[in-house]
Amino acid sequence: MKEMKKEKMLHHNHHLHRYNHWRKGQALEDDEESQTFVVMDCGSFGYYKRTRPTLVSLLLLSLLSCVFVLAPHFFGSSSTFSLSYSPRDESEELSSDLNVKTHPFSLDSNGTIYCDRSGYRSDFCIMKGDVRTHSGSSSVFVYGPRDSNSYMDFVSTIVAEEESDEEEELQHEKVKPYTRKWETSVMDTIDEIDLISRKPSAKKQHECDVNHDVPAVFFSTGGYTGNVYHEFNDGILPLFITSKHFNKKVVFVISEYHNWWVTKYGDVLSQLSDYPPIDFKGDLRTHCFPQAIVGLKIHGDLTVDPSLMEENKTVVDFRNVLDRAYWPRIEGLIQDEEREAQEKLAQSPTQTLSKIKQKVSKDRLFRKPKLLILARTGSRMITNQDMVAEMAEKMGFEVEILKPDRTTELAKIYRALNSSDVMIGVHGAAMTHFLFMKPGSVFIQVVPLGTVWAAETYYGEPSRMLGLEYIGYKIHASESSLYEKYDEDDPVLKIQIV
């Protein structure tokens, strides 16, 4: 137990230290890329002290485990392998009941602000009443209703305002709408938003330029945005958790707005909101809302806690949102490919055309299970990847090697993983893509030295909650390229084994 606590503490301290140099607006290259001491391929060091064993024999055990896990699908009447893509559930209706699993804040409390600061990961505040933005001062104001039955109070208000140019503040809160509250270094880079409740005034109070009849959710796309793990864990999943119950009748107001982020996740945003997002700093107009939530709720690492969700929604429901988001684009890709194939067939001889039709018919009847290797370049790569792929093919798998980069369309990655039965990848931010796999699929994560706790916490346990069959393959020191550089008793290897 002490060793587990020590490992967790070492990883956590190193994790915090790694990000201290990041400045505002700077994208993180990869959540684990800088850990060059935890790699499977450290490049050339000029000499090799000894030859390390390959991963083939141990990965063979993992693949055999997959075969046993997947065996029922081969021999059962219904097969997981019979469909290349999961169907969309068009009949699913989203809940819009605002009174389920609520908070102490009363929705009738117009003009007040309720803030929940009890969470370790994030703060969020709710404002209800006459909510008005003022981007120039990074402020959001809320005004309560004026008592129409109190004429004398109204007259007194006018007289008081003539004597004072300042409006009376009833409540003032400050929030940084980002979900890494405990990390001071990154939270220091997040813009703070002032939430101010004021007494109704006879004066014009930030006259509305745009009136909205639906609530707003304010959040930031700063911090570690640029890293796929943090984009989903700190942003997209919490946004789903916070806004799902609005049934798309909500406007997203984004602090530290990035055009590329909105473009990248536009398909997902369109499944959570019927309205275009607003650039809080860039749009200087006064937007008025009946209600606003500032900040996002988060339940844990890449997960959704159904006990905290209306209608007990789960991470599977989140994946269904992704499915609806990406399928229109995937269908377009399929149509383009079919069109290209038809053009090639039109130019092919009759004999070739007949062979192609026979192959297609055979593939449909006897489709092999698909194994996808999510490949990396540089650090933490599988050096004998080709051997692993060849071995998997001999075992009966159709193998695809996917090498996504920052420019790879998410719909294409989703399509590849959604049609896969097994995924193998080395621990790192790219493992976030397990969210794209169908429940019941197999996820094998190769766990480098010193990353056992992180691999299990960030990807292992969350993948099980999605319904995946998870296998964590922990490499031995002799399987790491660090073994080629350091002596067997060197503290570098010893520390990593703890």
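1. Helix 12 is followed by Gly467, whose phi is positive, near 95°; helices here are DSSP runs of H or I with at least four residues, numbered from the N terminus. The model is a predicted one, in which local features need pLDDT of at least 70, side-chain atom pairs count only at pLDDT 80 or more, and totals for chains, interfaces and linings use all residues. Residues are numbered from 1 along each chain as its sequence is written, and side-chain values use heavy atoms, with hydrogens and water left out.

2. Helix 12 itself covers residues 452-465, and its 14 residues reach 18 Å from the first C-alpha to the last, close to the 20 Å expected at 1.5 Å a residue (1.5 Å times one less than the number of residues). A bend of about 30° occurs at Tyr459, with Pro462 following within four residues; the bend is the angle between axes fitted to the seven residues ending there and the seven starting there.

3. Several residues of helix 12 are buried, among them Ala454, Tyr459 and Pro462, where buried means under 20% relative accessible area, with a 1.4 Å probe and protein chains only.

4. Tyr458 is also buried, at a relative accessible area of 9%, and Tyr229 counts as buried at 3%. There are 18 aromatic pairs, counted when ring centres of Phe, Tyr and Trp (its six-membered ring) lie within 6.5 Å, with planes under 30 degrees apart stacked, over 60 edge-to-face and the rest tilted. Tyr229 and Tyr458 form a tilted pair, 5.5 Å centre to centre with 50° between the planes. Because Tyr229 lies in helix 5 (residues 228-243) and Tyr458 in helix 12, this pair ties together parts that are 229 residues apart in sequence.

Definitions and conventions. Helix = DSSP H or I, 4+ residues; strand = E, 2+ residues; numbered from the N terminus. Buried < 20%, exposed > 50% of the residue type's maximum accessible area, 1.4 Å probe, protein only.
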